[in-house]
Amino acid sequence: MKRGTLLLAFAWVVALVATLGSLYYSEVRLFLPCELCWYQRIFMYPQAVLLGMALWRQDLRVWPYALTLSLIGGGLSTLHLMQQKFPNLFTLACKPPVPCTVEYIPQFPIPLQALIAFLLIAFSMGLLAREVRR
């Protein structure tokens, strides 16, 4: 298997696991997502479909779209982490029933999990971009 295809497959698996993980948290564990969680989902969920279709079609030119979604989503994850760690520093629009400062898993916060997923996808898309340009 070619390196570009492996990078694309890796990014798709990360996006799929992140999407299924967030659905598990909200539908099985019954964690209510806050407003910033919803925005992060907006940038992750389409990637599971987009990268899956690109992998199926062997379209390595998907990297700019996935990279853009990952960078924006990663920025939101970073903002969310900052909101959790420094709640008085930010006055975001997060409102009840679930404020953005709620930590369901303090040992490994959900925004950190999302940030790691966004960074893994962004990194693999950066490598894919180099591969495509060769």
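A crossing of two helices is called left-handed if the near helix is turned anticlockwise from the far one by less than a right angle, and right-handed if clockwise. Keep that in mind, and remember that you're looking at a predicted model.

**Stop one: H1 and H4.** Select residues 3–27 for helix H1 and residues 110–133 for helix H4. Which way does H1 pass H4? The crossing is left-handed. The two pack at an angle of about 165 degrees, and their axes lie 9 Å apart. Angles over 145 degrees count as roughly antiparallel, so H1 is roughly antiparallel to H4.

Now show the side chains where they touch. On the H1 side you'll find, among others, Leu7, Leu8, Phe10, Val14 and Tyr25. Across from them, H4 brings residues including Ile110, Leu120, Ile121, Leu128 and Glu131. Colour this contact by class and you get 15 nonpolar, 3 polar and 2 charged residues.

**Stop two: H2 and H4.**

What meets what here? From H2, pick Gln40, Phe43, Met44, Gln47 and Leu51; in H4 they meet Pro111, Ala114, Ala117, Phe118, Ile121 and Met125. How many residues of each class does this contact have? There are 9 nonpolar, 2 polar and no charged residues.

Notes:
Residues numbered from 1 in each chain as written. Predicted model: local features only at pLDDT ≥ 70, side-chain atom pairs only at ≥ 80, totals over all residues. Heavy atoms only, no water. Axes fitted to C-alpha atoms, helices over the stretch in contact; angles between N-to-C directions. Helix = DSSP H or I, 4+ residues; strand = E, 2+ residues; numbered from the N terminus. Parallel < 35°, antiparallel > 145°, perpendicular 65-115°, else oblique. Contact = heavy atoms within 4.5 Å. Nonpolar A, V, L, I, M, F, W, Y, C, P; charged D, E, K, R; others polar.
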